[in-house]
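Colleague: Hi, I'm new to this one. Could you walk me through it?

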Amino acid sequence: MGNFSYATLCQALLLLSVLNFPANTSQIWEGTGRVISGVGKGGSVELRLEIDGAVVTSVSGPPLHGTIQTTPDLNGTIETQTGIWYIERCGEELCVNLQQHHPQQTIFYRLMPKNP
């Protein structure tokens with residue numbers, strides 16, 4: 001095999017390998033939550049999360065940064081100084097239950113994926 005053929009074959013294999021591995025893209029989930037107990041009971045609050053791989057970070061709302069399980073579905077518990085976050089996939093939505101310490105309250109969110 002000549003140098004040109006070998007180089008062409010290597011480039012083709014490299015291109016195929018790049019196309020077979022999807023880029024690690026983050027996903028934004030956003031929506032409204034309802035304070036179901038504690039301070040402000042009955043009120044509504046907004047939350048926006050970014051999920052990048054297994055890492056969850058709040059973009060707006062109470063501070064959150066932690067990791068969850070991603071297979072077979074998004075699911076997990078994250079403890080922060082703010083409170084305990086219970087996250088699970090609920091069909092097309094992401095259900096988030098936050099038991100916040102200060103102020104003491106429980107908030108239930110239903111988030112939808114943000115369209116790109």
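**A first look**

Modeller: Happy to! The structure holds 1 disulfide (a pair of cysteine sulfur atoms within 2.5 Å). This is a predicted model, where local features need pLDDT of at least 70 and side-chain atom pairs count only at pLDDT 80 or more, while totals for chains, interfaces and linings use all residues. Residues are numbered from 1 along each chain as its sequence is written, and side-chain values use heavy atoms, leaving out hydrogens and water.

Colleague: Which residues does the disulfide join?

Modeller: Cys90 and Cys95, with an S to S distance of 2.1 Å.

Colleague: Are Cys90 and Cys95 buried or exposed?

Modeller: Cys95 is buried, at 5% relative accessibility, and Cys90 is partly exposed at 25%. Buried means under 20% relative accessible area, exposed over 50%, and partly exposed in between (1.4 Å probe, protein chains only).

Colleague: New topic: in what order do the strands of the sheet come?

Modeller: The order is E4-E3-E2-E1-E8-E7-E6-E5, an open sheet of 8 strands with antiparallel pairing. Strands are DSSP runs (E, at least two residues) numbered from the N terminus, and two of them pair if DSSP finds at least two bridges between them.

Colleague: Which strands stand at the edges?

Modeller: E4 (65-67) and E5 (75-79); each has a single partner strand, so one side of each is left without a neighbour in the sheet.

Colleague: And how many bridges join E1 to E8?

Modeller: There are 9 between E1 (residues 27-38) and E8 (residues 105-113). Gly33 stands opposite Tyr109 in E8.

Colleague: Where is Ser58 found?

Modeller: In strand E3, residues 55-60. Ser58 is buried, with a relative accessible area of 17%.

Key:
Helix = DSSP H or I, 4+ residues; strand = E, 2+ residues; numbered from the N terminus.
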